[in-house]
Amino acid sequence: MALSRGLRCCQRAFAWLPVLIIALVVLWSYYAYVCELCLVTLSNPVEKVAYLIIFHILFVLFVWTYWKSIFTLPVQPGKKYHMSYADQERYENEERPEVQRQILAEIARKLPVYTRTGNGGQLSLQKNYEHCLSDYVLAAKLSSKCTHLLKW
């Protein structure tokens, strides 16, 4: 129990590593553009002001969207998309991958998942499902597959 708790803690700590690297790159690029290019290299004050205004508008928009993407929690699928205990057992006890895919296809056929077409018709997305082993959830292949991959 303590080992798995320690591993989860390490996983959470290492998950922030890409965020830290991106933040350092963004801070370095801010310094390089604002201090080195705009303040030191450019001599025309009108150019400096124009470059700084445009850069800061774009910089604020980038930082805001990056902040939102990092700190917005992923939405968990509803309970009807979770596999039942019996289906989990069937899936885990089967060793052949083709039979496992068939089991998932049977479960996905029962799900009420549709999308609208351009002319107002409905298409079923039941073929586009696969299993996320860590969550026991059927997830759309077109969107993020496993919710834990989004938790940086």
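Reader: What pLDDT does the protein average?

Author: This is a predicted model, in which local features need a pLDDT of at least 70 and side-chain atom pairs count only at 80 or more, while totals for chains, interfaces and linings use all residues. Residues are numbered from 1 along each chain as its sequence is written, and side-chain values use heavy atoms, leaving out hydrogens and water. The pLDDT is the predictor's confidence in each residue, from 0 to 100. In the protein, 72% of the residues score at least 70, and the average pLDDT is 78.

Reader: How many contacts does the stretch of residues 126–131 have beyond near neighbours in sequence?

Author: A contact requires heavy atoms within 4.5 Å. Over residues 126–131 the pLDDT is below 50, and the number of such contacts in the model is 28.

Reader: And how many does the stretch of residues 140–152 have?

Author: Here too the pLDDT is below 50. Beyond near neighbours in sequence, the contacts of residues 140–152 in the model number 31.

Reader: What pattern does the protein follow along the sequence?

Author: Helices (H or I, at least four residues) and strands (E, at least two) are DSSP runs, numbered from the N terminus. The protein has 5 helices and 4 strands. Read along the sequence, their pattern is α-α-α-α-α-β-β-β-β.

Reader: Is Val-26 buried or exposed?

Author: Val-26 lies in helix α2. Buried means under 20% relative accessible area, exposed over 50%, and partly exposed in between (1.4 Å probe, protein chains only). Because its relative accessible area is 16%, Val-26 is buried.

Reader: Which residues does Val-26 touch, not counting those up to four places away in sequence?

Author: One of them is 33 residues from Val-26 in sequence and 9.1 Å from it in space, C-alpha to C-alpha, namely Phe-59. With that residue included, Val-26 touches Phe-59 and Phe-62.

Reader: Which element supplies the largest share of the nonpolar patch?

Author: Patches are made of residues with over 30% relative accessible area and no salt bridge, joining like charges within 9 Å and nonpolar side chains (Val, Leu, Ile, Met, Phe, Trp, Tyr) within 5 Å; a salt bridge is a side-chain nitrogen of Lys or Arg within 4 Å of a carboxyl oxygen of Asp or Glu. Phe-14, Leu-17, Leu-20, Ile-21, Leu-24, Val-25 and Leu-27 form this surface patch, with about 720 Å² of accessible area together. The largest share, 6 residues, comes from residues 17–41, helix α2.

Reader: What is the relative accessible area of Leu-17?

Author: Leu-17 lies in helix α2. Leu-17 is partly exposed because its relative accessible area is 43%.

Definitions and conventions
Areas by Shrake-Rupley, 256 points an atom, 1.4 Å probe, with all protein chains shown as cover.
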